Amino acid sequence: MSDGLIKILDGNTFVVSDERGDIEASLTDPTGLFSFDTRFLSKWVLSVNGSRLNPLSVDDLQYFETRFFLVPGTGTVYVDSKLSVIRQRAVGNGFHEELTILNHDDKPVDLTVRIDAGCDFADLFEVKDALSKKGKYVNRVEKGRLQLVYERDRYVRSTVISASAPARLDKEGLTFKLKIGPHGRWTTDLDVVTAMLGYGERHELPKFGRGRGRQGMERNLDKWLDDAPRIECDWDPLKATYRRSLVDLAALRFTPPVVGGRSLPAAGLPWFMTMFGRDSILTSLQALPFTPELAKTTLLALGAWQGSRIDDFRDEDPGRILHEMRYGELTAFEERPHSPYYGCADATPLYVVLLDEYERWTGDRKLVRSLELEARAALNWIDEYADLQGDGYIWYQRRNEKTGLENQCWKDSWDSISYRDGRLPGFPRATCELQGYAYDAKMRGARLAREVWKDPAFADELEKQAAELKRRFNRDFWVEDDEYFALALDTEGKQVDALASNNGHLLWSGIVDKAKAKAVVRHLIGPRLFCGWGVRTLAEGEARFNPIGYHVGTVWPFDNSFIAWGLRRYGFKDEAARIAAGILDAAEFFDGRLPEAFGGYERSLTRFPVQYPTACSPQAWSTGAPLLLLRTMLGLEPVGDHLVVDPALPAGIGHLELLDVPGRWHRVDAFGRGRVDVNGKRASLRPQLGVGGNT
Amino acid sequence: MTETTGAFFEALGRRGHQPLLEKISGTVRFEVVDGKRVERWLLTVDKGDVAVSRKNVRADCTLRADKAVFERVASGKMNAMAATLRGDIAIDGDSALLVPFQRLLPGPPRRRRRLRATAAGRRA
């Protein structure tokens, strides 16, 4: 990998090591074994006869398993090359490592193999923000196992290390004294098992979980890939990107303890391996035509945790969908509010959007009926709790002023919401896309009320509210002189008038008056927003524009996938194809794994997409972007019990087939042929797809 | 009998059907530790129908904590999820039942009025 770090993961457990398989973490760097937002191993260093090993190669076997080939010494000492060392590691509830040493010599060899082990039990938030610990460490050797323990009051986290071969254990690691015969081998299994112990629980010594185990995980991945639609395409990189997306999505599956072992997408490695309202919902929407069960789990889990009371510390309200759940020490001691934290203004309307879209694809009315109360509570939240200014819009302002989130929309960095001249508005803020989501939630809620909950009066009321919201929105947010929607309203009702990608989400929501759509589209694919790879988060020319500013100029693949969906919704097929072409082109440069964000430089300037420095990867909604783009390119749309296919593919893609698309129609195949010329008048930068220049 | 905890469980038993718990069926046993004494409550949820008893039987999930912790959780002063992560509440069995249970708990006492304009001026 580009950063020289090797990552394997399964749900919210992951291991990040160097290319030797060693872990030597400092407080501030995210290497180690992590589970439930806690580092369970910060030191894991292998040496043979006192010297460290050198990496020859690393095989990424699966997302949960990797193999390191090593040799002792510096590589210049010939005598050492008579040995090979292989570490094969799989993640589970902790990890399992098979350590093998091969003697290539015709003489026997005596070796001292040492593994130094240790742990700081840092909370991921501490790693991110470099905070220090308040509890105490106790290491002990007991019943042939090394136990690393961290205790703070009744909070106990422990890591238990054991080996199958005879070893001498001390409080800082394991030592093996061994002899390997001529051309012989020696091997040991090493188990590193994590445990979270509660009040009165015995310090049992758990075993490495065989529940799923390596073979179970392999079978699970095979089934996951088998169940998803198959792709046939003239353009090979798209096939590779599709497969990469499916595998990464499998890796990011997370099983929260509420939904009977089913999985939903966690947000991303390394910082966000947990349940997020917004990320889990948007990723589930992107993946609906491919893996609809993710949406089901997301709806159930977020519904189970739906806010039920007013709690200022957690920014919780009745009906509100959570923002983020965490399990680490800072959350446990309420130094952070993530148990769970609710400060998010979009997940609640998006919850209703996902519920409706899920029903349209799957026909699973049973689930929609069983979540009626949750959906009604979410719709009620929009009017009852989110309208902080009493003017019929969703506003956000944190009540937890110490550790709550200031910006509760997806562009959550401090400078993301600005006026053209760069000034930042005060709080509360009403960003435009929130109003679009509220409109869509009301319209979709009305459909569910009429068709599934059999409450036509409620449906009428929701539609009336939606129509009224749309009318006001198109008046209050429309920037007359330049013909686009303002990024937000400030507390005085004035427009926060920067031009931003949020306009694309407005198309997706359907809140845009038809007569205004053309002008909005002109901006989205115009030179200020469209850079050739995709739509920038903020338009060039705005005071805060910066092509490598997190939410003020970079291109976010997930953002673009929803913009493309919005363009399709208003009938702008060719423009949607152009965005798909740019983003999928970029995916090829990242070996099929789109990062969270990349630089918003003009494509003709850099000729390749420039990765944003600290972007999270893989990240769920970037992983979902190619899936949603496949949907928009093929024009897949459920209509009644049928799947309508209305393709508009970029010319370079050639023939595209998506076979066995699951849904209420059972399984259907979708076909398309590239015809949309995305090159404009400029020369192609790549042979397969166009530059998507500014025409 | 512990005051807040007892009152909380008795009130819970009187609430009868809880629509929010309609997807839930299961039993949760509460062990309230008061020095050497252990007070037991059994919460039974059957598709949203809630019943509370003092039966001393096995349950799908057992929550065990000191009396002082339960008092604070039952009055909304302590968050049950954070207390569980902290080890102040021990869970044994099906930990998923903690999620619906915590929704029955009151919110924390309010220190100040929430930010919210009155209904006047809406629908401008």
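Helices and strands are DSSP runs, a helix having at least four residues and a strand at least two, and they are numbered from the N terminus. On that basis, chain B has four helices and five strands. The model described here is predicted. Chain A is divided into two domains, domain 1 (6-215) and domain 2 (228-676).

**Chain B**

- Along the sequence, the elements of chain B come in the pattern α-β-β-β-β-α-α-β-α.
- Chain B has 124 residues, of which 29% count as buried.
- Among contacts in chain B between residues at least 6 apart in sequence, 66% join residues at least 24 apart.

**The two domains of chain A**

- The C-alpha centres of domain 1 and domain 2 of chain A are 39 Å apart.
- Domain 1 of chain A puts 18 residues into the contact, and domain 2 of chain A puts in 19 residues.
- On the side of domain 1 that touches domain 2, the elements giving two or more residues are β1 (6-10), β2 (13-17) and α1 (124-129) of chain A.
- The element that gives the most to this side of domain 1 is α1(A), with four residues.
- Sorted by class, this side of domain 1 has nine nonpolar, three polar and six charged residues.

**The four-stranded sheet of chain A**

- Four strands of chain A form an open sheet in the order β1-β2-β4-β5, with antiparallel pairing.
- The edges of this sheet are β1 and β5 (38-41) of chain A; each has a single partner strand, so one side of each is left without a neighbour in the sheet.
- From one strand to the next, the twist averages 25°.
- Within the sheet, β2(A) pairs with β4 (residues 32-35) of chain A in the antiparallel sense, over three bridges.
- In this part of the chain, Phe14(A) stands opposite Phe34(A), which belongs to β4(A).

- Strand β6 (residues 43-48) of chain A runs antiparallel to strand β7 (residues 51-62) of chain A, and two bridges join them.
- Val48(A) stands opposite Ser51(A), a residue of β7(A).
- The hairpin of β6(A) and β7(A) has two residues between the strands, and Asn49(A) takes a positive phi near 50° there.
- Strand β7(A) is also joined to strand β8 (residues 65-72) of chain A, by eight bridges, and these strands run antiparallel.
- Asn54(A) has Val71(A) in β8(A) as its bridge partner.
- The hairpin formed by β7(A) and β8(A) has two residues between its strands.

**The three-stranded sheet of chain A**

- An open sheet of three strands in chain A has the order β21-β24-β25, and its pairing is antiparallel.
- Here β21 (430-431) and β25 (495-496) of chain A are the edge strands; each has a single partner strand, so one side of each is left without a neighbour in the sheet.
- Two bridges pair strand β24 (residues 488-489) of chain A with β25(A) in the antiparallel sense.
- Leu489(A) stands opposite Gln495(A) in β25(A).

**Helix α10 of chain A**

- Helix α10 (residues 432-451) of chain A has 20 residues, which at 1.5 Å a residue should span 28 Å; the end C-alpha atoms are 29 Å apart, which agrees.
- A residue is buried if 20 or more other C-beta atoms lie within 10 Å of its own.
- By that cut-off, 17 of the 20 residues of α10(A) are buried, so α10(A) is largely enclosed by the rest of the structure.

Notes
Residues numbered from 1 in each chain as written. Chains lettered and ligands numbered in written order. Predicted model: local features only at pLDDT ≥ 70, side-chain atom pairs only at ≥ 80, totals over all residues. Domains from an automatic or database assignment. Contact = placed C-beta atoms within 7 Å. Nonpolar A, V, L, I, M, F, W, Y, C, P; charged D, E, K, R; others polar. Pairing = 2+ DSSP bridges. Axes fitted to C-alpha atoms, helices over the stretch in contact; angles between N-to-C directions. Expected span 1.5 Å × (residues − 1). Buried ≥ 20, exposed ≤ 12 C-beta atoms within 10 Å, placed from the backbone.
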